[in-house]
Amino acid sequence: MCPQVSAITPSSYASLIDTLDKEYGTKEFKLKAYESLGGAVRIPTVCYDDLGTPEEDPRWKVFDEFHTYIEQRFPKVHTALQRTKVATYALVYHWQGTDTSLKPLLLAAHMDVVPTNAATEADWINPPFSGYYDGEWIWGRGSCDDKSGVIGIMIGQPIEALLEQGFKPTRTVILAYGIDEERGGPTGAAAIGKYLVKTYGEDSISMIVDEGGGYSDLSGTVFVTPAVAEKGYLDVRVDVLTPGGHSSRPPRHTGIGILAGIVTELEANPHVPKLARERTYYQGLQCRAKYDAGFPSDMRKLVIESQTSDEKLHELETKLDDFDPAYSASAGTTQAIDIIYGGVKINALPEAVYAITNHRIADHSSVSELQDRFASIVAPVAARYNMSLNAFGKQIGLEAFTWGLVKVSEAFGSGLEPAPVTPTTGSGPYELLSGTVLSTLKTNLRTDDFPEFSVVSPGLSLDHLNMRFPDTRHYWSLTRHIFRYGHRGATDAYNGAHTINEAVRAEAFLEQIRFFTRLILNADETDLLE
């Protein structure tokens, strides 16, 4: 149950690792690294949902300034690595290895950030684009999401430092930096994905590491949770179209009343989460049962028994809603009716009303399964009100003359299948990532009271919580081994991302640099990757 690997330190680069760790621990290096991130934060590479193409929308031009900044800040990177601009502003770097038979390692991040809210800018402790280092935190939009990825982890400090030490990779390293991840990557990552497939081919990458999971302290044990699965996504719009007229002569049910009936039925039929042994949530639960000292003994016993008993698995399933508030959101499909519209005037019957429901699709389900279920819930309600139903382009139920039409459709072109699940136990790339994480944590340079014991547990990304589509969806055909992991602790973000007072703990940023340094070197000498 929840097998672990040993910490992996690059043996042939032991001297290089020692030299770099000593350098990373110096005040001079730290201040240089912190200012590298601070300078990047000061360039407001804001992503807007309504951006036009880079050729026509001037709001993209701020990325020219960002490109200039990283060129000047990291000259060795831009001398030694081949850079390709994709879709004008997205960047792909190629660090050629000496052994072309080895599949490259791909490290991904994004240069864009979400906007700040003018109404709350006064609530920031330090200005949102200050990049200010106060001795503990580096402040500003993008310090957590995701300029710490672009600058500190990948393109900046680790690779620049490795080049300064004369390192030349055996395995090719590719760096991919998106420009509109915060709206799903339709311009940046989509073009990068096509470019990488055209240049390297499908299934050509050994593993991909992008932003995502981190680690947290549970009862004195550090739980590392790289996301190996990701929920799908679908927004569903329900339009109710009925005859208008004066409200002094209303029908028994107006369009708003009919829509309310549909909403009520949807709310009365939430998705039921499913606990399955082969799924990521169950694997994570096993790790907590084995290694979390605070895990209740009765639940631990039930988890152990559920491995071989279907009866105990069902009993465990019934107890999880009370035990884990995140169970339903993690193990099942969720629905949230977030938008509703109807009526234009108090004395006019509404002719067109609608509601939009947001879904995060469980890793064991699919877009089509969700659509079928949604239609099956709406159909009897439509029939009850003598309404025709068109669900996702198909006519369902009543075909004779009806009072009106209920139309169910995909909103915003949002449909996304759950991501392919990355192999874990017994898989070389997962073992390499796990061993590298454990090695980095074991040798950390932090000055806080950091726990000594760490375990790695498969994690699930709930579609990144704050965003609809992470960039990795555009890279699925490149490899089965995609890890969403940023090597940052749960307490290392001052107030999270996408909100006021975004800031990253400076020591945690340094640990991100150390992790990616070790990952590059481990990937270079390992036989765990193709």
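## A pocket and its charged neighbours

In this predicted model, the largest pocket holds about 1,400 Å³ of space. Among the 50 residues lining this pocket, Gly212, Gly213, Gly214, Thr225 and Leu460 are the closest to its centre. A pocket here is an open set of points on a 1 Å grid over the protein atoms alone, where a 1.4 Å probe fits, with protein on both sides within 12 Å along at least five of seven lines; lining residues have an atom within 4 Å of a point. The volume is the space filled by probe spheres set on the points, which are joined across faces, edges and corners.

Before we go on, a word about the ground rules. Residues are numbered from 1 along each chain as its sequence is written. Local features need pLDDT of at least 70 and side-chain atom pairs count only at pLDDT 80 or more, while totals for chains, interfaces and linings use all residues; side-chain values use heavy atoms, leaving out hydrogens and water.

Which element gives the largest share of the pocket lining? Strand 6 does, with eight residues. Helix 5 (147-155), helix 9 (280-291) and strand 17 (482-489) are among the other elements that each supply at least two. Helices (H or I, at least four residues) and strands (E, at least two) are DSSP runs, numbered from the N terminus. By type, the lining has 22 nonpolar, 20 polar and eight charged residues. Asp, Glu, Lys and Arg count as charged; Ala, Val, Leu, Ile, Met, Phe, Trp, Tyr, Cys and Pro as nonpolar; and the others, including Gly, as polar.

Now for the charges. Side chains of opposite charge can pair when their charged atoms come close. A salt bridge is a side-chain nitrogen of Lys or Arg within 4 Å of a carboxyl oxygen of Asp or Glu, and by this rule the count is 23.

Are Arg514 and Glu511 buried or exposed? Both are buried (under 20% relative accessible area; exposed is over 50%, partly exposed in between, with a 1.4 Å probe and protein chains only). These two are about one helical turn apart, because they sit three residues from each other in helix 15 (residues 506-525). Glu315 and Lys319 share helix 11 (residues 310-323), four residues apart. Glu315 is partly exposed because its relative accessibility is 28%, and Lys319, at 37%, is partly exposed too.

Finally, Glu136, Arg446, Asp448, Asp492 and Arg505 are linked in a network of salt bridges.
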